[in-house]
Amino acid sequence: MYDNYYEPERITVRRGETVRLDIRNAGGFVHEFNINTAAEHVAHAPMMQMMFEMGMLEVDKVNHAAMAATKGSGHDMSHDEPNSVLIEPGKTAEVIWTFNTQADLEFAC
């Protein structure tokens, strides 16, 4: 993962296949790696903007304490979904995902 693109740009998987994605943030900014449909990415964008505005995300780091403070509030921003990870510059993360439905999915930030 880089600041403006992913490498590789595309992967092809079969329905029912489980894939482990090892993701390294080689850019200079915090990035989210998220597997979703294009429409779901658009719907998720305001949440990411809110996280920056509330100080949970900074350009180059994640404020884990601020994110943890939202747990149980009805506005949980912890980002611990299985299809999504936040990765600081130079760090790595793993997503294990079973592609169990037929869909055009994207990985995006």
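Modeller: Before we start, a salt bridge here is a side-chain nitrogen of Lys or Arg within 4 Å of a carboxyl oxygen of Asp or Glu. This is a predicted model, where local features need pLDDT of at least 70, side-chain atom pairs count only at pLDDT 80 or more, and totals for chains, interfaces and linings use all residues. Residues are numbered from 1 along each chain as its sequence is written, and side-chain values use heavy atoms, with hydrogens and water left out.

Colleague: Thanks! How many salt bridges does the structure hold?

Modeller: There are 3 salt bridges in the structure.

Colleague: What does aspartate 22 form a salt bridge with?

Modeller: Its partner is arginine 20, and the closest N and O atoms are 3.0 Å apart. Both aspartate 22 and arginine 20 are exposed. On that scale, exposed means over 50% relative accessible area, buried means under 20%, and partly exposed lies in between, using a 1.4 Å probe and protein chains only.

Colleague: And which residue does glutamate 94 meet in a salt bridge?

Modeller: Arginine 20 again: its side chain meets that of glutamate 94 with 3.5 Å from N to O. The pair links distant parts of the chain, with glutamate 94 in strand β4 (residues 92-99) and arginine 20 in strand β1 (residues 17-24), 74 residues apart. Arg20, Asp22 and Glu94 are therefore linked in a network of salt bridges.

Colleague: Which residues is glutamate 94 in contact with, leaving aside its neighbours within four places in sequence?

Modeller: Those are Arg20, Leu21, Asp22 and Val85, where contact means heavy atoms within 4.5 Å. Glycine 27, for its part, is 67 residues from glutamate 94 in sequence, and their C-alpha atoms are 17 Å apart in space.

Colleague: What about lysine 61, what does it form a salt bridge with?

Modeller: Lysine 61 pairs with glutamate 58, and the closest N and O atoms are 3.9 Å apart. Lysine 61 is partly exposed at a relative accessible area of 41%, and glutamate 58 is partly exposed too, at 31%.

Colleague: Let's zoom out. How many helices and strands has the protein chain?

Modeller: It has 2 helices and 5 strands, and from the N terminus on the order is β-β-α-α-β-β-β. The radius of gyration is 14 Å, close to the 13 Å that the globule rule gives for 109 residues, so the chain is as compact as a globular protein of that length. For the terms, helices (H or I, at least four residues) and strands (E, at least two) are DSSP runs numbered from the N terminus. The radius of gyration is taken over C-alpha atoms, and the globule rule is 2.2 Å times the number of residues to the power 0.38.

Colleague: What box do the C-alpha atoms fill?

Modeller: Roughly 40 × 30 × 20 Å, taken along the principal axes. Of the 109 residues, 33% are buried.

Colleague: Among contacts between residues at least 6 apart in sequence, what percentage join residues at least 24 apart?

Modeller: That comes to 73% in the protein chain.

Colleague: Back to charges. How far apart are the mean positions of the positive and negative charges?

Modeller: They are 7 Å apart, for 8 positive and 17 negative charges. Lys and Arg count as positive and Asp and Glu as negative, while His and the chain ends are not counted. Each charge is placed at NZ of Lys, CZ of Arg, CG of Asp or CD of Glu.

Colleague: Next topic: which residues does a cis peptide bond join?

Modeller: Glutamate 7 and proline 8, with omega at about 5 degrees. Proline 8 lies in the segment before β1. For background, most peptide bonds are trans.

Colleague: Valine 13 then, where is its place?

Modeller: Valine 13 is also found in the segment before β1. Not counting residues up to four places away in sequence, valine 13 touches Val19 and Phe99. With a relative accessible area of 28%, valine 13 is partly exposed.

Colleague: Last one: where is the place of alanine 103?

Modeller: In the loop between β4 and β5 (106-108). Alanine 103 and arginine 15 are 88 residues apart in sequence and 9.0 Å apart in space, C-alpha to C-alpha.
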